[in-house]
Amino acid sequence: MSKSTGTHFKAFNLRADAAKVLHQILEEGQSARECLPLAQASLKDQDKAWLQEMVYGVLRNLPILQFWLRQLLDKPLKNRFKIVEQLIMLGFYQLAFSRVSQHAAVSETVAACQPLNTLAMKGLVNAILRTFIRDEYSQQPAPSKQVASGLPKWLYKKLESAYQDDFNDLIANMQTKAPIWLRVNSQKVTRESFAQELEQSGVEFSYTPEHPEALILSKGYDVTSLPGFDAGWFAVQDGAAQLAAHFLQPQANDSILDCCAAPGGKTCHIIESHPHLSKVTALEIDEKRAAKITENLTRLGHTANVIIGDASSPDKWWDGQLFDRVLLDAPCSATGIIRRHPDIKWLRKAKDIDVLVNLQKQILDAIWPLIKPGGTLLYATCSVLPQENHLQVSDFLSRTSNALLDNSFYNDSTDKPGKQILPGEQQMDGFYYARLVKS
Ligand SMILES: C[S@@+](CC[C@H](N)C(=O)[O-])C[C@H]1O[C@@H](n2cnc3c(N)ncnc32)[C@H](O)[C@@H]1O
């Protein structure tokens, strides 16, 4: 992490910017994907990275930061001063979890009160951060394992009951940072020749044998400035997501449907995985997100039939031609990618899970009749919750007489249907796959 964040003026503005972004996420329910790039737009690369580090750092450690806040703040702040709570927690984060000096952390966090129009709170922020240092709050043990885990209570409890043996590793891995994975576009370049280009540019990376098109970057790089980005030599895609095209195993002349497709990462990989597919249809309900599919297809040099429509109502968009293979990368809790997007922990609520499970069920039932006899459906989520994964698939199998589970495709020693990948396993995100065949 960088200690120097430019001039004094720049530095205190970055703390103010970070507090604003945290307020947008935690109080207004915006996603980091929406508000962070706007806050970063006019910043230098180093400041962009530090802003993200501060925001993500607070989101990763929120329960303990909130615990300290409750101990040091007499009563919650309200209305326009609420943002000062985010600023104080940002101060705690710097003091407890970053390499910023105590002096810089306090002075620059206090100074952020001015651009936040909360000058009246300057004394309070200063006093709380100084007490935090003096009484060595950061050395105190967390009041509970749930607070130390950085997870919201409801999610901690769900995971604890679902994963007995793997639970401790799972929650520890959900707190770590995820590496950047690239997928080489095999229709444009081989992994070996792309790797040579990266080496010549001084980029450090590694391979894994299980992912034939993948490279894992050893540290954070701006991927748009890597060789071949504009020419479409590669895409950013986690290793677990790269398994979808392999598990789907497209064959020559197949007609394929990717029915929850945006931003199109897996659609593009499916196209790259076989040069002679008959047709690839990418369906997406959200018009803005569907535009991303087209953007990605264009950059990588691919074509597909992009349709805006609802996968749970095929009568509105389907032309009646059956598909050989369908990928259903279902809308889900995204609990498997929390280490990559820590805002998910605070945006997702316990009550959302049943709604998502019901939507997944509706889509499964609506899409199944669109598959040819002998055809395949690959069900996928980036979730680690059994309800969305193996329990969802067991339920589908029990009510669908012509659906067979093909568990032979992936190595999985459990007796549960499908394959659950946990975050951190071979550096991958948390994902779930189940291959279903129509008899
Ligand atoms: C997990 S993401 C898909 C990621 C994508 N497969 C990729 O690899 O780039 C799920 C997508 O499903 C879309 N979606 C949600 N409900 C849908 C529905 N009823 N019909 C079609 N798409 C839907 C969401 O807008 C979102 O873009």
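This is a predicted model: local features need pLDDT of at least 70, side-chain atom pairs count only at pLDDT 80 or more; totals for chains, interfaces and linings use all residues.
**Entry 1: contacts along the chain.** I started with contacts between residues at least 6 apart in sequence, and 73% of them join residues at least 24 apart.

**Entry 2: overall dimensions.** I looked up the radius of gyration next and found 24 Å for the chain. A compact globule with 439 residues would come out near 22 Å, so the two values agree. Taken along the principal axes, the C-alpha atoms fill a box of roughly 70 × 50 × 40 Å.

**Entry 3: burial and secondary structure.** What share of the 439 residues counts as buried? I got 54%.

**Entry 4: a helix pair.** I then picked helix 4, residues 62–72, and helix 5, residues 82–97. Their axes lie 10 Å apart, and the packing angle is about 115°. Angles of 65 to 115 degrees count as roughly perpendicular, and helix 4 and helix 5 are therefore put in that class. Is the crossing left-handed or right-handed? Helix 4 passes helix 5 in a right-handed crossing.

**Entry 5: who touches whom.** I listed the residues that make this contact. Helix 4 brings L62, I64, L65, Q66, W68, L69 and L72. From helix 5 come E85, I88, M89, F92, Y93, A96 and F97. Sorted by class, the contact of helix 4 with helix 5 has 12 nonpolar residues, along with 1 polar and 1 charged.

Terms used
Residues are numbered from 1 along each chain as its sequence is written. Side-chain values use heavy atoms; hydrogens and water are left out. Axes are lines fitted to C-alpha atoms, for helices over the stretch in contact, and angles run from 0 to 180 degrees between N-to-C directions. Helices (H or I, at least four residues) and strands (E, at least two) are DSSP runs, numbered from the N terminus. Angles under 35 degrees count as roughly parallel, over 145 as roughly antiparallel, 65 to 115 as roughly perpendicular and the rest as oblique. A crossing is left-handed if the near helix is turned anticlockwise from the far one by less than a right angle, and right-handed if clockwise. Contact means heavy atoms within 4.5 Å. Ala, Val, Leu, Ile, Met, Phe, Trp, Tyr, Cys and Pro count as nonpolar, Asp, Glu, Lys and Arg as charged, and the others, Gly among them, as polar. The radius of gyration is taken over C-alpha atoms; the globule rule is 2.2 Å times the number of residues to the power 0.38. Buried means under 20% relative accessible area, exposed over 50%, partly exposed in between (1.4 Å probe, protein chains only).
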